[in-house]
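Biologist: Let us go through this structure together. Show me the model, and I will ask as we go.

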Amino acid sequence: MYGNSGVLATKKAKGIVAKEQLAARDAVFVYDETERHPSNIVAVYIFDSTGTEPVDTAALRDWARARLGFAPLFQRRLRRVPLDLDLPYWVPDPALDIAEHVVAEPPGADWDTVRARIAEITTAPMDLTRPPWRIQVFDRVRAVPGIPGDATIVALKFHHSACDGVATRELELELFSGREAPAAPTANRWSRSAAGLRAAALFPYRMGRFVMGLSRTRAANAAARARIEAGLLHEPAPFRPATRFNRTIGPTVLIDQVFLSLSEVTALRDQCAERVTVNDVMLTVVSGALAAYLDEKGETPPEGLAAMVPMSMRRIAQWDSANQLCQMTVDLHTGSLDPRARLAAIRESVRRERRRHSDPDVLRHAARVETAPAWLLRAAGRARAYRSFTDLSAVPLHNTTISNVPPLGAELTFRGRPVLRVFGVLPLMDGDGLRHLISAQGDEIVLTFSVDKAMMPDPDRYRELLRESFRELAEALG
């Protein structure tokens with residue numbers, strides 16, 4: 001690996017905040033990013049503002065300043081090596097200006113206005129010449145669905161190179177715990193020229209390491225292929241039929257939500273003879289709604305669709321990176337008309353993907369990214385940026401994204417306001433114009449979908465189809 005990599009980007013700061021080189025898995029989010037492929041993580045928190053004082057901008061920034069010490073990412077910015085001869089560095093930013101990162105919006109907006117602003121925040125690329133985070137606060141928000149009275153909404157935004165969804169959840173527990181961790185001192189000035197000289201000196205070593213890594217990963221891939229041919233592992237279909245959501249995205253992103261009772265979902269799950277998870281149930285709900293929506297448009301695909309479903313590798317592999325996720329490709333079995341049969345088939349598809357990504361040979365083959373030189377990762381990112389999604393009949397691996405994050409504790413507060421709801425929003429990208437994120441808080445499951453307006457001008461209809469899909473599954477399970 002590359003030093004300590006980026007794994008400390010979201011850990012609690014201790015002592016002096018120093019420079020640190022990114023891990024290759026984290027650097028990919030830097031090299032892949034374009035205006036049409038943002039690498040943002042956005043988490044949104046709704047707090048009860050009943051009986052509280054209005055949010056004051058100066059007090060808000062004091063609140064944030066008193067919590068900068070919870071993670072080095074708050075005080076570090078990204079610097080790239082000349083010619084990308086080596087991976088970028090996180091470098092302390094002694095000139096951090098809290099006003100550039102913490103913003104209080106005008107109070108009293110309604111939910112539809114705030115929802116549109118959250119869509120804009122999710123889409124806008126981050127300025128990586130500054131520390132990669134932002135806190136946006138909306139106070140006295142009116143007409144939030146399912147929430148009586150006014151609410152305070154806090155949107156947190158991070159760059160994906162600094163953390164993944166699970167790490168974001170761990171950081172949230174610190175930020176909204178009521179405790180403080182003032183900014184730690186910074187050290188280790190970074191020299192671009194010195195980093196370039198170091199990269200040039202290490203270039204032969206990096207290339208040798210890359211060649212040796214290729215040899216190891218080829219052997220691992222051959223072993224994994226043998227297991228697949230023997231039926232011990234199952235590979236997803238390499239291509240899926242393209243839908244209206246697998247085109248070039250437009251300028252307008254819509255966000256909408258469906259709210260379900262967690263206890264109802266778990267009760268439904270418990271009706272199954274075989275063990276299924278809440279995630280299996282939610283994948284089935286999305287599958288039914290997606291199939292129904294395309295059918296109503298007269299665009300039923302000739303074959304089943306699939307979803308990219310992130311999977312945490314924290315208990316499976318030892319990765320020295322801030323991002324510890326792999327991308328499962330889960331068959332959604334959208335061609336199955338029976339919700340019960342679809343749930344069983346999706347359950348099996350998830351189990352197969354988990355087994356494949358946990359296989360030692362597959363893990364060794366995936367480790368090729370760890371030895372890939374920075375210039376090659378950058379070239380791969382540029383190649384992906386120039387892909388065209390016009391008039392495609394098929395797309396690689398998946399048609400949509402369905403992600404989920406673990407639930408939070410109920411004791412979170414923001415300046416005396418108790419938390420009522422937590423959800424996340426996924427940015428859109430070319431080829432993936434409909435994305436879903438599932439979160440839970442208390443007894444509520446929130447399914448938030450973001451979609452390109454041109455691809456889905458009627459998100460209220462898709463929202464209703466998601467509810468209908470859940471009802472149909474419940475009826476099918478008795």
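Modeller: A word on terms before we start. Helices are DSSP runs of H or I with at least four residues, numbered from the N terminus. The model is predicted.

Biologist: In which helix is the place of S287?

Modeller: The helix in question covers residues 278-296. S287 falls within that run, in helix 7.

Biologist: Is S287 buried or exposed?

Modeller: Buried means under 20% relative accessible area. S287 has 0% relative accessibility, so S287 counts as buried.

Biologist: Which residues does S287 touch, not counting those up to four places away in sequence?

Modeller: Contact means heavy atoms within 4.5 Å. Residues up to four places away in sequence are not counted. With those set aside, S287 touches L332, H333, T334, R342 and I346.

Biologist: Which element gives the most to the largest nonpolar core?

Modeller: That core has 69 residues, and I153, F245, Y462 and L466 touch the most other members.

Biologist: What does I153 touch beyond four places in sequence?

Modeller: I153 is one of the core residues that touch the most other members. Residues up to four places away are left out of its contact list. I153 touches V44, Y45, I46, W111, V114, Q136, V137, F138, V141 and V144.

Biologist: In which sense do strand 10 and strand 11 pair?

Modeller: Strand 10 covers residues 306-312, and strand 11 covers residues 325-331. Seven bridges join the two, and one of the bridge partners is D331 in strand 11, for A306. The sense is antiparallel.

Biologist: How many residues of strand 11 are buried?

Modeller: Strand 11 has seven residues and is mostly covered. The buried count is five.

Biologist: What volume does the largest cavity have?

Modeller: The structure holds two cavities of 30 Å³ or more. For the largest cavity, the volume is about 50 Å³.

Biologist: Which element gives the most to the lining of the largest cavity?

Modeller: The lining has 11 residues, with L85, D86, R206, P373 and A374 nearest the cavity's centre. Helix 5 (192-229) and helix 11 (374-385) are the elements that give two or more residues. The top contributor, with three residues, is helix 5.

Biologist: How many residues of that lining are charged?

Modeller: Nine are nonpolar, and no polar residue takes part. The charged residues number two.

Note on methods
Residues numbered from 1 in each chain as written. Predicted model: local features only at pLDDT ≥ 70, side-chain atom pairs only at ≥ 80, totals over all residues. Heavy atoms only, no water. Buried < 20%, exposed > 50% of the residue type's maximum accessible area, 1.4 Å probe, protein only. Core = buried A, V, L, I, M, F, W, Y, C linked by side-chain atoms within 4.5 Å. Pairing = 2+ DSSP bridges. 1 Å grid on protein atoms, 1.4 Å probe; cavity = no way out; pocket = protein on both sides within 12 Å on 5 of 7 lines; lining within 4 Å. Points joined across faces, edges and corners; volume = space filled by probe spheres on them. Nonpolar A, V, L, I, M, F, W, Y, C, P; charged D, E, K, R; others polar.
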